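I opened the notebook to look at how two chains meet. My entries follow the order in which I looked things up.

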2 protein chains.
Amino acid sequence: MFFNNKVLDRIVLIVAGGSGIRMKSLVPKQFHLIMGQPVLMHTIRAFHDFDPSLKITVVIHDQFIRHWKELCSYNEFFIPHQVIAGGKNRFESVKKGLQGIKPGCLVAVHDGVRPLVSQDTIGRCFETAFECGNAVPCIEIKESIRKIEKDGSNMQAERRNFRIIQTPQVFESSLLINAYESIVPEEITDDAGLVEKSGCRIYLVKGNEENIKITHPHDLIIAEALFRQHHSS
Amino acid sequence: MFFNNKVLDRIVLIVAGGSGIRMKSLVPKQFHLIMGQPVLMHTIRAFHDFDPSLKITVVIHDQFIRHWKELCSYNEFFIPHQVIAGGKNRFESVKKGLQGIKPGCLVAVHDGVRPLVSQDTIGRCFETAFECGNAVPCIEIKESIRKIEKDGSNMQAERRNFRIIQTPQVFESSLLINAYESIVPEEITDDAGLVEKSGCRIYLVKGNEENIKITHPHDLIIAEALFRQHHSS
């Protein structure tokens, strides 16, 4: 047991710092509507529904903070959350979100554009992080995969040996703070990759298939359909 | 140029031999309805729409052949296609589908449960197979991936070096026939994996994101939403 049965503060850092380039849209994807409400509100609600005592911080591109506050007011969205201005990329945004967080908490870093994270996934992540110091949700790869070699050729890879990684990625806060302070990522990576580089073993837990990352316009269609199904069942 | 500008016969082998275990349903997924019609009809239509001169063969579990013929009659589904009885697994089904196919054609092997293959994807596959002898559609991996090691630990893998493989996988027919005759797969693999084992270089082309494989109940919801979007745009 990593934490000797202490009651820990649990902080959720929702990263929604994107500025919408991939969606080919003026409005970043976290503000697009699903069932009439911005994606980001659904994401915040998932964590609030899991446990209203979670401390939720949302990192938003500073150009959109006012827009977000107006959206909250317009939608009468009253779930308590702190808003802070993001940095120039995801790494900088998480780093800013970690400022002021003390060692000895559990920090869940979650993509703002993953509104379909299940209560079970959130539960498994916090539980395993409490036991092991970190937890990262994953799903199996359903399809064949091939590896691109340096010479441009490609060969079959064994999909059973790989997992697709989701969020929330939960860490004992000092693991994450140390990783973000000591490592400058050479390439885009996720939080698990950074913490791993700082020498820590990563613990995988089961995610949920629906927990998709909304990055392309058709993902919004998919997310809306999954939400409707969820609410009608 | 692999084929010296000859006009080739083009055969589509749609594999729909599954018996529904993964869908937790008595009816295999290829017979579930999307927009009121069985998945498999949408799949067949995608190829027929691409080119009505394609020769379409559908491999179906023998327990469901009668059911399929009744569905075709009930739905007034008149796109010409040959139906043959599948084997006990995908490998055996494709092998049976290849019987009677001559060398020197192009054979596209496609999953019956991928109704959302785009016209562009089909076109790219046939074109590149005509030029290079084979073509396999793929998409990039959007999310982080991790590799599971033999000792149970896991480590970050470089997602940029991997592709998710779709169908149709198109081959000059003798490549595929030889691979299926000479190789007994030790584990589940796709046609590209088999042909590669027989010593052939595989050529990747761009697939389409929507070209999902319907394996779980929520994939049906996603597919229906994508179809509706496609038909309304």
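**Entry: the model.** I am working from a predicted model. I keep that in mind for every value below.

**Entry: extent of the interface.** I started with contacts. I find 42 residues of chain B in contact with 42 residues of chain A. Next I looked up the buried area. Chain B and chain A bury about 4100 Å² between them. Carbon and sulfur atoms account for 55% of that area. Which residues of chain B lose the most area to chain A? I get K142(B), E143(B) and R146(B). Together they make up 17% of what the chain B side buries.

**Entry: polar pairs.** I then turned to polar contacts. The rule gives 20 residue pairs in polar contact across the interface of chain B and chain A, counting pairs with both residues at pLDDT 80 or more. I next asked which elements of chain B give two or more residues to the side that touches chain A. I list β8 (145-148), β9 (154-157), β10 (162-165), α6 (191-197) and α7 (217-232) of chain B. Of these, α7(B) gives the most, with seven residues. I also sorted that side by class. It has 15 nonpolar, eleven polar and 16 charged residues.

Entry: Over all chains, the count comes to 24 salt bridges. I followed one pair that crosses between chains, from R114(A) to E143(B). R114(A) lies in the loop between β6 (106-111) and α4 (119-132) of chain A. E143(B) lies in the loop between β7 (134-140) and β8 of chain B. Their closest N and O atoms are 2.7 Å apart. Across the interface, I find six salt bridges.

Entry: I looked for strand pairing between the chains. Strand β10 (residues 162-165) of chain A is joined to β8(B) by three bridges. The two strands run antiparallel. What is the bridge partner of F162(A) in β8(B)? I read off K147(B).

Entry: I finally compared the two sides. The copies meet through the same surface, because 100% of the interface residues of chain B are also interface residues in chain A.

Notes. Residues are numbered from 1 along each chain as its sequence is written. Chains are lettered from A and ligands numbered from 1 in the order in which they are written. This is a predicted model: local features need pLDDT of at least 70, side-chain atom pairs count only at pLDDT 80 or more; totals for chains, interfaces and linings use all residues. Side-chain values use heavy atoms; hydrogens and water are left out. Contact means heavy atoms within 4.5 Å. Buried area is the accessible area (1.4 Å probe) that two parts lose on being put together, summed over both. A salt bridge is a side-chain nitrogen of Lys or Arg within 4 Å of a carboxyl oxygen of Asp or Glu. A polar contact is a pair of N or O atoms within 3.5 Å; within protein, one must be able to donate a hydrogen and the other to accept it, and residues adjacent in sequence count only if both atoms are side-chain atoms. Helices (H or I, at least four residues) and strands (E, at least two) are DSSP runs, numbered from the N terminus. Ala, Val, Leu, Ile, Met, Phe, Trp, Tyr, Cys and Pro count as nonpolar, Asp, Glu, Lys and Arg as charged, and the others, Gly among them, as polar. Two strands pair if DSSP finds at least two bridges between them.
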